[in-house]
Amino acid sequence: MKTSNVIVTTLGALAVGAIAGVLFAPEKGSKTRKKIARKAEDLSDDFKESIEDLTTTISEKYDVVKEKSAELIKNGTEKATVLKEELIASQN
């Protein structure tokens, strides 16, 4: 399972559990609403943090792939030039 799927599933389960726990608690409605709002804010903050972490990880991996691709292109171009020169030299 992908990391992003695990994160979303975990956050969803936390949200459902938190809401269910607050809804079944024997407290006044105003306290319950405040708790729900607080939990929703906490979950929102956790979700934003997870998304930021995921974005950072993807960005870092993209940069590594970009560097390696540039290096491969450079090496391939150099090898093609050497082969071309060898071919021209062998024809003369």
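Which residues gather in a patch of negative charge on the surface? In this predicted model, the patch is formed by Glu41, Asp42, Asp45, Asp46, Glu49, Glu52 and Asp53.

**View 1. The patch of negative charge and Glu41.** Among the residues that gather in this surface patch is Glu41, which lies in helix 2, the helix spanning residues 29–91. Glu41 counts as exposed because its relative accessibility is 52%, and exposed here means over 50%.

View 2. From Ser30 to Asn75 the separation is 45 residues in sequence, and the C-alpha to C-alpha distance between the two is 67 Å.

**View 3. The overall trace of the protein.** The secondary structure comprises 2 helices and 0 strands, and the C-alpha trace extends over about 95 × 20 × 10 Å along its principal axes. The radius of gyration is 27 Å, whereas a compact globule of 92 residues would have one near 12 Å.

**View 4. Surface and charge of the protein.** Of the 92 residues, 7% are buried, and the accessible surface comes to about 7,900 Å², with 61% of that area belonging to carbon and sulfur atoms. The protein carries 15 positive and 15 negative charges, and the mean positions of these two sets lie 11 Å apart.

How values were computed. Residues numbered from 1 in each chain as written. Predicted model: local features only at pLDDT ≥ 70, side-chain atom pairs only at ≥ 80, totals over all residues. Heavy atoms only, no water. Helix = DSSP H or I, 4+ residues; strand = E, 2+ residues; numbered from the N terminus. Rg over C-alpha atoms; globule rule 2.2 N^0.38 Å. Buried < 20%, exposed > 50% of the residue type's maximum accessible area, 1.4 Å probe, protein only. Areas by Shrake-Rupley, 256 points an atom, 1.4 Å probe, with all protein chains shown as cover. Lys, Arg positive; Asp, Glu negative; His and termini not counted. Charge placed at Lys NZ, Arg CZ, Asp CG, Glu CD. Patch = residues over 30% accessible without salt bridge, like charges linked within 9 Å, V, L, I, M, F, W, Y side chains within 5 Å. Salt bridge = Lys/Arg side-chain N within 4 Å of Asp/Glu carboxyl O.
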